[in-house]
Amino acid sequence: MLPSASYLAGARIMPLISNAYFIGESSLLPGTPALKRQSMLVDGGAITTRTEELATGVENIQFLYGVDTNQDGEINEYRKAAEMDVNSDGVINSDDWERVITVKIDMLLISQAPVFTNPQTVVFNGIDYLGLFMRQVVSTTIQIRNQNT
């Protein structure tokens, strides 16, 4: 049941959509990491969650935010979410997030089975991954549209 309130003509109530992305063990290939999404849903008035496997073989994922620190429209640096106090006021809030121009996504992918006879090292996010599995880093950068408009 929707709460009673008065709304302006043409107003619409939109459903809440909440997703969390994480790395967990694959339900399709046990022992293999996978990128998963947990969604919050409303089902018959009750709040529930659903977990979906999006991609098998994703061992790690990192997000970096391209920030315009001097408000000239150009990216000055990339920051982790925990480092987003752009205006240095001691609080991470919408003023800081409005300065994000791009999101850089880096993923470390791993093969389903060992490939090498000698251990190989791949460096990802400052961490050495050593093993007989083939690993590959893939990256993409997404521009945030309609910022500060």
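**Entry 1: Arg79**

I began at Arg79, which is buried at a relative accessible area of 16%. My cut-offs were under 20% relative accessible area for buried, over 50% for exposed and partly exposed in between, with a 1.4 Å probe and protein chains only. Arg79 forms a salt bridge with Glu77, and their closest N and O atoms are 2.4 Å apart. I took a salt bridge to be a side-chain nitrogen of Lys or Arg within 4 Å of a carboxyl oxygen of Asp or Glu. Glu77 is partly exposed, at 31% relative accessibility.

**Entry 2: the model**

I noted that this is a predicted model, in which local features need pLDDT of at least 70 and side-chain atom pairs count only at pLDDT 80 or more, while totals for chains, interfaces and linings use all residues. Residues are numbered from 1 along each chain as its sequence is written, and side-chain values use heavy atoms, with hydrogens and water left out.

I then looked up pLDDT, the predictor's confidence in each residue, from 0 to 100. The protein chain averages 90, and 94% of the residues score at least 70. Confidence is lowest in helix H1 (residues 94-97), at a mean of 89, and highest in E9, at 97. Helices (H or I, at least four residues) and strands (E, at least two) are DSSP runs, numbered from the N terminus.

I found a count of 5 salt bridges by the rule in my first entry. One of them joins Arg37 to Glu52, with the closest N and O atoms 2.9 Å apart. Arg37 lies in strand E2 (residues 33-43) and Glu52 in strand E3 (residues 46-56), so this pair ties together parts that are 15 residues apart in sequence. Arg37 is partly exposed at 22%, and Glu52 is partly exposed at 23%. Arg37, Arg50 and Glu52 are linked in a network of salt bridges.

I next looked at Arg135, which forms a salt bridge with Glu59 at 2.7 Å between the closest N and O atoms. This pair links distant parts of the chain, 76 residues apart: Arg135 is in strand E9 (residues 133-143) and Glu59 in strand E4 (residues 58-67). Arg135 is buried at 15%, whereas Glu59 is partly exposed at 22%.

**Entry 3: E2 and E3**

I went back to the two strands that hold Arg37 and Glu52. E2 and E3 pair in the antiparallel sense over 10 bridges; pairing requires that DSSP finds at least two bridges between two strands. Val42 stands opposite Ile47 in E3. The two strands form a hairpin with 2 residues between them, and Gly44 in the turn has a positive phi of about 65°.
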